[in-house]
Structures are given as structure tokens and as C-alpha cells.
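Here are my notes on the model you sent. Please read them with the structure open.

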Amino acid sequence: GSRLGLGAPILASLVEGKGQGSGWRRSVRTGLIVGVVVGVVLVVLVLFLVPLLPALPFVAAAKISIWKRLLACFYGGIFEELLMRLFFLSLIAWVAGKLLRERANGLTVRAFWIANILVAILFGLGHLPSASLVMAITPLVIVAALTLNGIAAIAFGLLYRRLGLESAMVAHFTADFVLWVIGVSFI
């Protein structure tokens, strides 16, 4: 990822003994703002879907204690971002750059968007197994999973490219918090 200009700049600065780096406030602030916006958009879309899909995991989450929903936000913000952005997006962007024979130093726009869209699809499909625990997987469920998770994944991928992994992690945690901790109270 570092060859493509991707990574965790705040963590890298700390590891290299340079302090937190100058952009950490911007990174966190932007992650919070994007996370709130993505979370609100997802809550609105999910509330629209509840009448069509009453067994959505979102509905089942309302019955789970708040501390467990809060812990799930950490899972998404940390583990899913490490896997989807730091690993898959970086890897797919690198492979796309090689396959497209792009010789530019760093990440090209074309390689990034190929990777970001493929990772968004993987991210959406990756949520289907947990959805299958509470509902039948139908074409509508697949479209909903790809759309809802895809919106979030595209936004988190953009943050990863522009500000680094830490900003994407903050945004993912915040969006999950808005959706799973606050949003379920609207049911």
C-alpha cells in the first residue's frame, strides 16, 4: 500500500517517532463527519426497507443490549477496515495497476476506482452470511446488502485514499454507531 500512497499515516508517524503527524485532527474530524452522514443515510434507507424486509438484522438488533451493539461498532471500525481497506483495497489497486500496465508513481484514479468498487461489492457480499442467520437470502436482500454496504464502502475507500486508514476506521465506527446504537431506536 505504501508504494501506492495508501496506508495508515498517523500510525506510521507514531511508529517512526515523528509524533502523531500534522493531519491527525483533520483525519479524525473528517472521519466523524463522513461517518455521521453515511450513518444517517443508511438509517433512512434501512427504515424505508423495514416494511419490505421486516426480518432485517437492523430490526433484530433492537432486541440486543446496547453494550453489545457498541462492541460491534468496534469490530466494524477496526477489523473490517483492516481487512477491506488496508488489505483488499490496497492489493486489488496494486493488481489493477499492474494489469492495466499503468506506470505512474503511486495510485492512479482508474486503479483506485476498480479496487474501491470491487471491495464495495465484496463488503456487501460479506454481510450476507450474517444476514442469513435471521432471514432468507432473496434477490431483494442481496440488492439491499450490496447497496447499503456499498454506499458505506465507497465512502470509507475514499477516506482511505485521501486521509488514510485511521480516517476510514473513525468513519466506519461512527456510521455503525449511528446505525446500530442510535438508529435502531427509530423502529
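1. Basis. This is a predicted model, in which local features need pLDDT of at least 70, side-chain atom pairs count only at pLDDT 80 or more, and totals for chains, interfaces and linings use all residues. Residues are numbered from 1 along each chain as its sequence is written, and side-chain values use heavy atoms, with hydrogens and water left out.

2. Salt bridge. The structure has 1 salt bridge (a side-chain nitrogen of Lys or Arg within 4 Å of a carboxyl oxygen of Asp or Glu). E81 and R85 form it, at 2.8 Å from N to O. Both sit in helix α4, residues 66-99, and are 4 residues apart, about one turn of the helix. Helices here are DSSP runs (H or I, at least four residues), numbered from the N terminus.

3. Are the two partners buried or exposed? E81 counts as buried because its relative accessibility is 0%. R85 is also at 0% and therefore buried. The cut-offs are under 20% relative accessible area for buried, over 50% for exposed, and partly exposed in between, with a 1.4 Å probe and protein chains only.

4. Positive patch. R3, K98, R101 and R103 form a positive surface patch. Patch residues have over 30% relative accessible area and no salt bridge, and like charges are joined within 9 Å. Lys and Arg count as positive, with the charge placed at NZ of Lys or CZ of Arg. Areas come from the Shrake-Rupley method with a 1.4 Å probe. K98 lies in helix α4. K98 has a relative accessible area of 54%, so it is exposed.

5. Aromatic pairs. The count is 6 aromatic pairs. Rings of Phe, Tyr and Trp (its six-membered ring) pair if their centres lie within 6.5 Å; planes under 30 degrees apart are stacked, over 60 edge-to-face, and the rest tilted. F58 and W180 make a tilted pair, 6.0 Å centre to centre with 55 degrees between the planes. This pair links distant parts of the chain: F58 is in helix α3 (residues 57-61) and W180 in helix α8 (residues 165-182), 122 residues apart. F58 is buried because its relative accessibility is 3%, while W180, at 24%, is partly exposed.

6. F112 and W113 pair edge-to-face, at 5.2 Å centre to centre and 75 degrees between the planes. F112 is buried at 1% relative accessible area; W113 is partly exposed at 32%. Ring pairs also join F74, F173 and F177 into a cluster.

Definitions and conventions:
Helix = DSSP H or I, 4+ residues; strand = E, 2+ residues; numbered from the N terminus. Patch = residues over 30% accessible without salt bridge, like charges linked within 9 Å, V, L, I, M, F, W, Y side chains within 5 Å.
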